[in-house]
Number of protein chains: 2
Amino acid sequence: MDLDLDTLKTQLSEQGYKLTRQRKAVVAVVTQAHMRLSAADVFAQAQRVCPDLGLTTVYRTLEILEELGAIRRVHLDDGCEGFAPASIEHGHHLICSRCQETVEFEGCNLSTLLKRVSGQTGFTIQEHWLELVGLCPKCQRKK
Amino acid sequence: MDLDLDTLKTQLSEQGYKLTRQRKAVVAVVTQAHMRLSAADVFAQAQRVCPDLGLTTVYRTLEILEELGAIRRVHLDDGCEGFAPASIEHGHHLICSRCQETVEFEGCNLSTLLKRVSGQTGFTIQEHWLELVGLCPKCQRKK
DNA sequence: TCCTAATTGAAAAACATTTTCAATTAGCGC
DNA sequence: GCGCTAATTGAAAATGTTTTTCAATTAGGA
């Protein structure tokens, strides 16, 4: 289930964000993406559509899209900070370690675990971060 | 259950690493820590014991300690890259969002989830990243 | 069409991390 | 203890990413 480009544009408008050429280009890239992308990746792809695009704007737009829940921050192999399209509200990401393809899944069903850990430690649990890394079917065959 | 300073020193020796003043200082800091620390935090604390310590060495030592499994990389609020002491081999971290205290827990028991996601997507799952954020008992009271 | 606040890109700044390299040092064999 | 040597060190430079600044541009309501 892909992110819908038009829905996202409408959402931006509704939040009072102007629909600039640059934002449209960035939004187009992330809605079409099926893999995690770094800010630089998004920049490179979006620049093909909109040559006068700055990296600064890419960072700013990605921040807005994360706020809207359209993308989610994920890890990259090195340090951190990649982005993957998020169509499921409380979803998590499964990422292919070879081709970077990302798939979302929902129903993480950690409630039992959370209750146990909460009981054992006395912590109130506010959020959880879960991310899976593996090999997608295509890459399994290639190997 | 704390990391044992002496055990860790022995481990370093056995792996052929020299026990320098600087490494001892860094090891002392991370074994005593009960919270996630950035490289800069470790540097600041270790420098009190060993004034002629460079940040470069801190990075290098943290890398070794991660290799040995004595610490684990965790998220920081901003981007990434904090370190927390790891005494449980396949443990995960629960972090207090207010005071940064970290607690380890084991038995994440995700096998059912992993099987389901694997079946639905066709991915082979290689690793999982799970991290919980909440409020520790002390900080709940303070609030 | 006009107006204005939002948005932009370039450049600079800020930051974290890594690399380079000559000087120092831990720990082995003696 | 003593000397030797490879490992280790810190300072400085390099690298890479993200943020800030600021004057110029622009989207979109009036």
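Analyst: Let us begin with contact, which is defined as heavy atoms within 4.5 Å. In this model, 37 residues of chain A are in contact with 37 residues of chain B. The model is predicted: local features need pLDDT of at least 70 and side-chain atom pairs count only at pLDDT 80 or more, whereas totals for chains, interfaces and linings use all residues. Residues are numbered from 1 along each chain as its sequence is written, chains are lettered from A and ligands numbered from 1 in the order in which they are written, and side-chain values use heavy atoms, with hydrogens and water left out.

User: What is the area buried between chain A and chain B?

Analyst: The size of an interface is often given as the accessible area lost when the parts come together. Here the buried area (accessible area, 1.4 Å probe, that two parts lose on being put together, summed over both) is about 2900 Å², and carbon and sulfur atoms give 67% of that. By class, the side of chain A that touches chain B has 20 nonpolar, 11 polar and six charged residues. In this scheme Ala, Val, Leu, Ile, Met, Phe, Trp, Tyr, Cys and Pro count as nonpolar, Asp, Glu, Lys and Arg as charged, and the others, Gly among them, as polar.

User: How many salt bridges does the rule find across the interface of chain A and chain B?

Analyst: A salt bridge is a side-chain nitrogen of Lys or Arg within 4 Å of a carboxyl oxygen of Asp or Glu. Across this interface the rule finds zero, although the count over all chains comes to six. An example within chain A joins A:Arg21 and A:Asp52, whose closest N and O atoms are 2.9 Å apart. That pair links distant parts of the chain, 31 residues apart: A:Arg21 lies in helix 2 and A:Asp52 in the loop between helix 3 and helix 4.

User: Which strands pair across the two chains?

Analyst: Helices (H or I, at least four residues) and strands (E, at least two) are DSSP runs, numbered from the N terminus. Chain A has six helices and five strands. Two strands pair if DSSP finds at least two bridges between them. Strand 5 of chain A pairs with strand 5 of chain B (residues 124-135) in the antiparallel sense over 11 bridges. Along this pairing A:Trp129 stands opposite B:Glu131, and A:Leu135 has B:Thr124 as its bridge partner. Within chain A, strand 5 also pairs with strand 3, in the parallel sense over four bridges; there the bridge partner of A:Cys96 is A:Gly134.

User: What does the side chain of A:Thr121 reach?

Analyst: A:Thr121 is found in helix 5 of chain A. Its side chain reaches the backbone oxygen of A:Val117 at 2.8 Å and the backbone nitrogen of A:Phe123 at 3.2 Å. Leaving aside residues up to four places away in sequence, A:Thr121 touches B:Leu94, B:Val103 and B:Pro137.

Technical notes. A polar contact is a pair of N or O atoms within 3.5 Å; within protein, one must be able to donate a hydrogen and the other to accept it, and residues adjacent in sequence count only if both atoms are side-chain atoms.
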